[in-house]
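Here is a short briefing on salt bridges. Have the sequence and the 3D view open as you read.

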Amino acid sequence: MTKNKLPKWNLSEIYLNYKDPKIEKDITKIKVSVHNFVRKWKDKIKALDGKEISNCIKQYERINESLGILSTHSSLSFASNMQDTEVSRYNAKISDTISEFFSKLVFVSLEIGSVNDKTYNQWLNDHSSKKWIPLIKSLRKRKKYQLSPQVEEILIEKHATGRSSWVRLFDETSASLRFPFKKKILTEAEILNKLSDKDSENREIAGKSLSKVLNQNKKIFGMILNVISRDKFIEDNKRGFKSLLSSRNLDNDVEDEVVSSLVNAVDEQMPNLTHRYYKWKAREFNKKKLNWWDRNAPLSFNQDKAIKWEEAKSIILKSFKEFNPQVSEIAEKFFKNNWIDAEVREGKASGAFAHPSVPSLHPYVLVNFQGKVRDVMTLAHELGHGVHQVLASEQGLLLSDTPLTLAETASVFGEMLVFRNLLDQSNKNKRKEMLANKIEDMLNTVARQIGFHQFECEFHNSRKNGELTPDEISDIWIETQKHALGPYVKLDDYYRSLWAYIPHFVHTPFYVYAYAFGDCLVNALWSEYQSSNKEKFSKLYVNLLKSGGSKSHNELLKPFGLSAYEKNFWHKGVRSITEMIDELETL
């Protein structure tokens, strides 16, 4: 790629650096606020009227906002440079401090969740407290899973030395791994990028290098997964959840049966999705089967020339503007104000994410931009998240947080806007390439993530009976991925250790189905967009994003005439992928 100046975050707008004396001053202020808050409200919530509970929650939100600013600076500093031991120590210290404060504040959610129906109905009908009903409703759903206040406080305080420490170990270990490639030594982000290299030899070298290094470290990654799983099982069991997935579904504000319906719809269609597509792709490569490292290989006529940063920016903003000018204006702020960290460097977190931060600040986006079409799509995806987070911020911190199942809505839709814009400008060969790339991305988001979900279900169920060896984990991995990828992808022994680099298995167990949920939901929305008044749709869509976490998926989809409770909803989402494969096969 030609020299390309890529942006980095400017975190000094929060604090100058991790040594900034203002950090300690802010921690002291928060400590005083928490002390006063506890003294004023603890053990009194059940007797509050509508105005009083509203004041209580407003004060609670302000404290959380202050804690969120601390957390944003420490976690993003760490993501920027995971190899700096002082930054890592700073991040751990802030995490410990926040856990200590949250343990003192946990009474708020416990007491609100435990109020009787009479008090709840008073709040429901009081103008002062009506705004907070979605939050109160959500907390009341958790009532039967709550433990005693003292146990809840202990769990929060131990979080920093428990699960959080294992997540940190995973992140630091992953960031420190180096992968031999010819005469170079690459980071995880760089070696993964080589799996879509146009040279088949490079892909094979990269795939085997990735596998060998992960295999050398499988013992530590296996231990991390085992501990994370056991920790989850113990807590879920004590809380009384019926299944391993139920606690995640509660966090996502989605019913178990809706998730089952999604998983079943995708699983049934695997032969018509991945199996069918990889058969087509193998044929394009004049092979009976693809090697697993060729799964994301560019097609032979692919002319994926490096896309410069400014060009990527222009493509995305133009696509967003054609849909809705407000969406484009918000996205442009990320470019103008250095809210994006895009360069690839040692020690930086691999992959991509959008950090929501807090409403009084703004979100931040991390990508590892290397100039490919896929990188442009990833940037559009994360900016979609960023736009969503900015629009939802008007709800305030406590109501802006979107459940994982809906968190992918704007990101996947943003990707689709950019994709369709590029597709419309393409000739036949480019169109074929674009369709193939998009289908692969959608299969990675839907079918592959459901394959990941099935791996997690099998692994966590097996873990109930005792710790699993890395080889036993690999056996489950291979079995579930064979079904997800199908008979036209060869999964050899080199593929056995690849479970070890998937961060979602560690960061947020059972997160992965949310990608499929979001993608299928967006596919259904996209179908409506194509057949409706586009201006009217875009206004409804922006209102959906502005709602944040204040409404359920059912309430948000209702204006579009859609419902995730209907079996056909998920089939409509899956069908849009199979229709793209139909289109590809006719080219």
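Predicted model: local features only at pLDDT ≥ 70, side-chain atom pairs only at ≥ 80, totals over all residues.

A search of the whole structure finds 34 salt bridges. Side chains of opposite charge can pair when their charged atoms come close.

- Glu284 and Lys432 meet through their side chains in a salt bridge, at 3.5 Å from N to O.
- Glu284 is partly exposed because its relative accessible area is 28%, which falls between the 20% and 50% cut-offs.
- Lys432 counts as buried because its relative accessibility is 14%, and the cut-off for buried is under 20%.

**A buried pair**
- Asp341 and Arg345 form a salt bridge, with their closest N and O atoms 2.8 Å apart.
- Asp341 and Arg345 are both buried.

**An exposed pair within one helix**
- Glu535 pairs with Lys539 in a salt bridge, and the closest N and O atoms lie 3.7 Å apart.
- Both residues sit in helix α26 (residues 534-546), four residues apart, so about one helical turn separates Glu535 from Lys539.
- Glu535 and Lys539 are both exposed.

**A network**
- Salt bridges also link Lys281, Arg374, Glu440 and Asp441 in a network.

Notes:
Residues numbered from 1 in each chain as written. Heavy atoms only, no water. Salt bridge = Lys/Arg side-chain N within 4 Å of Asp/Glu carboxyl O. Buried < 20%, exposed > 50% of the residue type's maximum accessible area, 1.4 Å probe, protein only. Helix = DSSP H or I, 4+ residues; strand = E, 2+ residues; numbered from the N terminus.
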